[in-house]
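I opened my notebook to look at one protein chain, piece by piece. Come along if you like reading structures slowly.

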Amino acid sequence: MKKLTLLLVILISVSACSEKESNLIVNGEIKGLKKGTLYLQKIEDTALVNVDSVQVTGDPKFTMETYLESPQIMYLYLEKVDNNQYDDRIDFFADEGQITINTKLEKFETSAEVIGSVNQEKLVEYKKMISRFNDQNLDLIKESFEAEKEQDEEKLMEIDQKYDKLLRRKYLYTVNFALNNKQHEIAPYLALSEVFDANIKYLDTIYNSLEPKIKKSKYGKELKSFLKERRKEEKLENKVQTQEVENS
């Protein structure tokens, strides 16, 4: 009898853990949408999974919810009846509470306005600045194309130098942005998504600057694991290089 009671307690506990109460509500409106299916998605073990969905039939307003272990990037995906696979997924930085996403069927992604997350506000701020770097990069690509047509080697070398400087500026901006937002989850996220191949000392600086609660977040833990792997790889590379020198 005691064993049966213990088993029931364990089963109830497991059930309670697997059905955690929702702590994130995503709602909003998609102007112009009459029919389609919306999916709330996230990355889980490198795979994109659906955590909630809703069918839209006439009313363009929607509400979905899920349980969030830690603030992270999520996606609002629209499966339209026209089967168009383009411009139909909005990425946003989700946090506990309520997030409102308003957009239009036409230009679903580019016209989206996301409200309710501090990390999302920071992400928008970051992307605005990065778009300037990207515009400058496109200008350099055009210059490089013209220089190649004219076979101007001196111009090509000059463009390469400009590109290297632009890349360094972009990396330094990202590192400084992360350091200035060490109290938010966006800091380790940017380290992992934007400057993962930077000098490890910069990534170390970002991680060491994080507030304790951010180190315990999803991206804080991932950055810690990533740094551990980077150190292993660099140690192995140094060992190989040393052996090559000794054998030469």
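These are my entries, in the order in which I looked things up.

**Entry 1: ground rules**

I am working with a predicted model, in which local features need pLDDT of at least 70 and side-chain atom pairs count only at pLDDT 80 or more, while totals for chains, interfaces and linings use all residues. Residues are numbered from 1 along each chain as its sequence is written, and side-chain values use heavy atoms, with hydrogens and water left out.

**Entry 2: the whole chain**

I began with the secondary structure and found 7 helices and 8 strands. Helices (H or I, at least four residues) and strands (E, at least two) are DSSP runs, numbered from the N terminus.

Next I looked up burial: of the 248 residues, 33% count as buried. My note on the words: buried means under 20% relative accessible area, exposed over 50%, and partly exposed in between, with a 1.4 Å probe and protein chains only.

The accessible surface comes to about 16300 Å², and 50% of that belongs to carbon and sulfur atoms. Such areas come from the Shrake-Rupley method with a 1.4 Å probe; for residues, only the protein chains shown count as cover.

I also checked contacts (heavy atoms within 4.5 Å). Among those between residues at least 6 apart in sequence, 59% join residues at least 24 apart.

In which order do the strands of the open sheet with antiparallel pairing lie? I read β3-β2-β5-β6, which is 4 strands. Two strands pair if DSSP finds at least two bridges between them.

β3 (47–57) and β6 stand at the edges with a single partner strand each, so one side of each has no neighbour in the sheet. Neighbouring strands here are turned by 25° against each other on average, direction ignored. For such angles, axes are lines fitted to C-alpha atoms, for helices over the stretch in contact, and angles run from 0 to 180 degrees between N-to-C directions.

I then zoomed in on β5 and β6, which run antiparallel and are joined by 6 bridges. I picked out I73, whose bridge partner in β6 is F93.

**Entry 4**

I found another open sheet of 4 strands, in the order β4-β1-β7-β8, with mixed pairing. Its edge strands are β4 and β8 (113–115), each pairing on one side only. The twist averages 15° from one strand to the next.

How many bridges join β1 to β7? I noted 8, and these two strands run parallel. K31 has K104 as its bridge partner in β7.

**Entry 3: the nonpolar cores**

A nonpolar core is a set of buried Ala, Val, Leu, Ile, Met, Phe, Trp, Tyr and Cys residues joined through side-chain atoms within 4.5 Å.

Which members of the largest core touch the most other members? They are L38, F62, L76, F92 and I101, out of 20 residues. At least two residues of this core come from each of β1 (24–31), β2 (35–44), β4 (61–66), β5 (72–80), β6 (89–94) and β7 (97–104).

**Entry 4: salt bridges**

Side chains of opposite charge can pair when their charged atoms come close. I used this rule: a salt bridge is a side-chain nitrogen of Lys or Arg within 4 Å of a carboxyl oxygen of Asp or Glu. By that rule I get 8 salt bridges.

I looked at K42 and E44, whose side chains meet at 3.6 Å, N to O. K42 counts as buried, at 14% relative accessibility, whereas E44 is partly exposed, at 39%.

Then I went to helix α7 (residues 218–247), where E229 and K232 lie 3 residues apart, about one turn of the helix. Their side chains form a salt bridge of 3.9 Å, N to O. E229 is partly exposed, at 41%, and K232 counts as partly exposed, at 48%.

R230 and E234 are in helix α7 too, 4 residues apart, or about one helical turn. Their closest N and O atoms are 3.3 Å apart, in a salt bridge. Is R230 buried or exposed? R230 counts as buried, at 12% relative accessibility, while E234 counts as partly exposed, at 28%.

**Entry 5: a last stop**

I ended at N180, which lies in helix α3 (residues 153–180). N180 counts as exposed, at 59% relative accessibility. N180 and L210 are 30 residues apart along the chain, and their C-alpha atoms are separated by 9.9 Å.
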